[in-house]
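Here is a short briefing to read alongside the model. Have the structure open and follow along.

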Amino acid sequence: MVKFYLLMSVVSLVLTVVAMVQILSTEEKHIRNLPRIAWLLLVLFVPLAGSLAWFFAGRPPAAGRVARSQGAGSQFPEYDRPGRAAAANPEKDAEFLRRVRARAEEQRRRYEEQKRREQQEPPEPGSPPAV
């Protein structure tokens, strides 16, 4: 039983130290949910629960996402929003978007051509009027 309490004490101490180092080294603008001083006080006064709360609710979600958002940004602004993943291969992604746009333009052109033909042809007797 003593070993269990000793193990829990060591785990709590390690978590507290790691959480304190991360709180102090993270930029204020990247800290979530509470200001830095509140996180420090929470971890100091309630070490185990405060440390776990920091790891799940306070620290930045991912180091890579923060680093990407500080860069020049991608050519597609939808990737710069939080919670979005950037393309693994931007060249393939750009080619895919070009093909999608070309296909949409082709469909739009065919639809307009069909509408133009329908307007030029007289309606058949007994058919419902075109809307």
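Let's begin with Arg36, which lies in helix α2; helices are DSSP runs of H or I with at least four residues, numbered from the N terminus. This is a predicted model, in which local features need pLDDT of at least 70, side-chain atom pairs count only at pLDDT 80 or more, and totals for chains, interfaces and linings use all residues. Residues are numbered from 1 along each chain as its sequence is written, and side-chain values use heavy atoms, with hydrogens and water left out.

**Arg36 and its surroundings**
- Arg36 has a relative accessible area of 18%, so it counts as buried (under 20%; exposed is over 50%, partly exposed in between, with a 1.4 Å probe and protein chains only).
- A polar atom of the Arg36 side chain sits 3.2 Å from the backbone oxygen of Leu24.
- Beyond neighbours within four places in sequence, Arg36 is in contact (heavy atoms within 4.5 Å) with Ile23, Leu24, Ser25, Thr26, Glu27, Glu28 and Ile31.

**The nonpolar core**
- Nine residues form the largest nonpolar core: Ala19, Met20, Ile23, Ile31, Trp39, Leu40, Val43, Trp54 and Phe55. Such a core is a set of buried Ala, Val, Leu, Ile, Met, Phe, Trp, Tyr and Cys residues joined through side-chain atoms within 4.5 Å.
- At least two residues of this core come from each of α1 (2-25), α2 (36-45) and α3 (47-58).
- Phe55 touches Leu15, Val18, Ala19 and Gln22, leaving out residues up to four places away in sequence.

**The loop at Lys29**
- Lys29 lies in the loop between α1 and α2, and it counts as exposed because its relative accessibility is 63%.
- The C-alpha atoms of Lys29 and Pro60 are 9.5 Å apart, with the two residues 31 residues apart along the chain.

Technical notes
Polar contact = N/O pair within 3.5 Å; in protein donor to acceptor, adjacent residues only side chain to side chain.
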